[in-house]
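Dear colleague,

Please find below the structure that I am handing over to you. My findings on its aromatic rings and on one helix follow it.

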Amino acid sequence: MLLEGTSRADHDAEAAVFGRLESQGEVRAIFYLTPRRRLGLTPLSVEQINTLAAHLADLGHSPANVIADHDTASTFAESWQQHTGAASVLFWRTHLYRLGTLTPPQPRPEGQGRLTGGKDRNQIVRWCREFCIDVGEQHSIDLIDADSWEDSRFGDRYFTFWETPEGTPVSMAASTSVVGGMVRVDPVYTPAHLRGRGYAGAVSVEASRATQAAGAIRATGRPRTSRRCSCSPWRASPGRSVLCRPR
């Protein structure tokens with residue numbers, strides 16, 4: 001069994017770190033550690049998790065949080081505490097859905113969806129910042145305020161607006177590019193004074209329809225910030241959890 005970690009640039013202390021678990025000449029699992037110290041893991045056995053935790057600790061890496069399936073994340077948190085004494089707490093839970101039949105909200109709000117363009121940039125940036133304020137996402141707020149939109153997690157997303165019959169945007173949804181048949185729909189945002197009218201559900205349908213046309217068969221969402229899901233039925237696969245280790 002080979003556990004290998006490599007950096008994109010040995011001289012760059014802030015570079016991402018990637019690793020793979022090999023057995024009998026085949027890659028069995030991978031991990032990545034981002035410059036922001038977020039550790040992503042594929043499913044691992046208890047023995048493999050203990051080996052990885054010890055390996056990362058020996059190399060001097062200190063993940064701030066870990067994203068994995070529930071069992072892997074929970075076991076890593078326990079193993080990391082055994083190696084370092086640092087306790088972890090659950091701060092985020094999400095699910096993976098298989099896209100089924102798109103079911104628009106009933107009654108359907110007046111208006112229509114449209115893909116955004118360059119002229120919509122200012123409103124997109126403003127709404128993303130408002131979204132981040134609502135959910136307490138300070139890192140993204142800092143990037144937006146520093147005019148570093150392209151470096152934020154929203155910079156490479158595709159946005160859809162829901163507009164009134166008069167052409168006024170009232171809600172938005174964003175999605176990532178399709179990778180491996182999967183896409184992430186996030187954020188979905190409606191200004192506070194316009195909520196409760198079905199706009200978020202309607203724009204979610206439009207964004208999901210666009211991702212399906214692009215080849216997506218699965219989508220992830222963020223239940224802690226989402227409004228009622230309008231893309232129903234979505235068949236849920238096993239959930240994923242995030243555990244955060246206090247810095």
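Rings of Phe, Tyr and Trp (its six-membered ring) pair if their centres lie within 6.5 Å; planes under 30 degrees apart count as stacked, over 60 as edge-to-face and the rest as tilted. By this rule, the count comes to five aromatic pairs. One of them joins Trp127 and Phe161 edge-to-face, at 5.5 Å centre to centre and 65 degrees between the planes. This pair links distant parts of the chain, with Trp127 in helix 3 and Phe161 in strand 8, 34 residues apart. Another pair, Trp149 and Phe154, is stacked, with 6.0 Å centre to centre and 25 degrees between the planes.

The model is predicted: local features need pLDDT of at least 70, side-chain atom pairs count only at pLDDT 80 or more, and totals for chains, interfaces and linings use all residues. Residues are numbered from 1 along each chain as its sequence is written, and side-chain values use heavy atoms, without hydrogens and water.

Helices (H or I, at least four residues) and strands (E, at least two) are DSSP runs, numbered from the N terminus. Helix 3 covers residues 121-135. Its buried residues (under 20% relative accessible area, exposed being over 50% and partly exposed in between, with a 1.4 Å probe and protein chains only) include Ile124, Trp127 and Phe131. Trp127 has a relative accessible area of 5%, and Phe161 has 0%. Just after helix 3, Gly136 takes a positive phi of about 75 degrees.

Yours sincerely

Notes: Expected span 1.5 Å × (residues − 1).
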